[in-house]
Amino acid sequence: MKKVIFLLCSLFSVTLSAQNARTLFTEMPDTILFLLTPVNRADMVDFLDSKMKAQVTNRLEGQSEMKAATENYIAIDLTSQSSWQMKLLPTSDSTFVIGTIHTVCGKACDSEIRFYTPQWKSLPTQDFLSLPTEDDFFYPAADTLTADEYEQTRKIADIYLRKADLSADNLQLTFTYTTPDYVATRDREKLELITRETITYTWNGESAFLKELNNYFITFPVEGRLCLLHFFCRFGNVPFQIMCRRMKNRKNNTIYSVYRYKPALFIQQS
C-alpha cells in the first residue's frame, strides 16, 4: 500500500513539474485566447526555441508575435495595439495559480487581469488581488496647491485607466496609471504633479498579491534629510513594521511615503 501511495505522489509531482508555462500555453482552451489557434500557439513556442522570430498569422489574418517564453512566463504582442501575458504563481501546496493580463491600447492602455487553475478553470480575481483604486495613484494635496486647485486638477481624470504588467524575472505585478495619456497635454502636466506613475504588488508566495496596507504621504523640500522613521508596533496580535521611503513624483519632487506591512509579506512600491 505504501508503495502505491509513493508511486501516486511521484506521478503527481512529475505531472506538476511538467506543467510549465509553455506546455500550459499550447494546451489551453481556445476560449482563453481566441485570437490564436492551437497551431499558432505551438508554432510560436517552436519558433522561439529555434531562435527564430516567433510571429504567426492569427485567426483574423493579422500578425501576432511571442516576445518571451520561460518556464513560468509568457509575453505576446497579439496586435499592434494589444498584448497578453501569462505567469505561473506558486502556492503553499506545491502547485500554482495561472495569472494572465490582457492589455488593449488606444490613446491610453487599459488591462484586464484574470486567474485560473492549472486546468484553466476560472478563479475569482478578488481572491488573489485587491485592485488599486484611482485614489491609490493620487498624492494628498500639498502646500503647492490650494484645496480648490487640487480638486479641479483631480476632475481632469474623468476616466480611470491603468495598465498592468507581470514581471518575467520575479513575482511582481506593476500597475501604471495611464489616464494622463488620455487627457490633453496641458492637463496631463497638471495631473502628473499630483499622481504617482506606478504601484507595485508582490506575490506572497502562497495565495495573493499584496499591496501596502496604508499609505501616508509627506512632502519635503528636495534637500530634505533622509527619513529616519523605522520601528515596529503591533496591530491586534499581528506585528507590523512601519517605515518610510524617500521617493519622487513625476515632477521630481521629493515625497516620503510612510507605510506599514507585515515583515513576512513585504511589498515593494516604486
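## A buried aromatic pair

Both F175 and Y201 are buried, a word that stands for under 20% relative accessible area, with exposed meaning over 50% and partly exposed in between (1.4 Å probe, protein chains only). The model is a predicted one, in which local features need pLDDT of at least 70 and side-chain atom pairs count only at pLDDT 80 or more, while totals for chains, interfaces and linings use all residues. Residues are numbered from 1 along each chain as its sequence is written, and side-chain values use heavy atoms, with hydrogens and water left out.

A pair of aromatic rings is described by the distance of the centres and the angle of the planes. Rings of Phe, Tyr and Trp (its six-membered ring) pair if their centres lie within 6.5 Å, and planes under 30 degrees apart count as stacked, over 60 as edge-to-face and the rest as tilted. A search of the whole structure finds 11 aromatic pairs. One of them joins F175 and Y201 in an edge-to-face arrangement, at 5.4 Å centre to centre and with 65 degrees between the planes. F175 belongs to strand 9 (residues 172-177) and Y201 to strand 10 (residues 198-203), so this pair ties together parts that are 26 residues apart in sequence. Helices (H or I, at least four residues) and strands (E, at least two) are DSSP runs, numbered from the N terminus.

## Other rings and charges

Ring pairs also link F115, F128, W203 and F209 into a cluster. A charge sits over a ring if NZ of Lys or CZ of Arg is within 6 Å of the ring centre and within 35 degrees of the ring normal. The charged end of R154 sits in this way over the ring of F138, 3.9 Å from its centre, and that of R59 over the ring of F34, 4.3 Å from its centre.

## Residues in loops

F137, which is placed in the loop between strand 7 and helix 4 (147-154), is buried, with a relative accessible area of 0%. Contact means heavy atoms within 4.5 Å, and, leaving aside neighbours within four places in sequence, F137 has contacts that include P132, Y160, R162, F175 and I194. Although F137 and F175 are 38 residues apart in sequence, they are 9.6 Å apart in space, C-alpha to C-alpha.

The loop between strand 1 (55-57) and strand 2 (63-69) holds N58, and E61 lies in the loop between strand 1 and strand 2 as well. N58 is buried at a relative accessible area of 5%, whereas E61 counts as exposed at 62% relative accessibility. Not counting residues up to four places away in sequence, N58 touches L35, L36, N40, Q63, S64 and L78.

Most residues other than glycine have a negative phi. Phi of E61, however, is near 65 degrees, a positive value, and phi of W120 is likewise positive, near 65 degrees. W120 is found in the loop between strand 6 and strand 7 (122-123), and is buried with a relative accessible area of 9%.

## The second largest pocket

On a 1 Å grid over the protein atoms alone, a pocket is an open set of points where a 1.4 Å probe fits, with protein on both sides within 12 Å along at least five of seven lines, and lining residues have an atom within 4 Å of a point. The second largest pocket is lined by 15 residues, of which I32, L33, W84, H102 and E112 lie nearest its centre. The elements giving two or more residues to this lining are strand 3 (73-79), strand 4 (82-90), strand 5 (96-105) and strand 6 (109-116).
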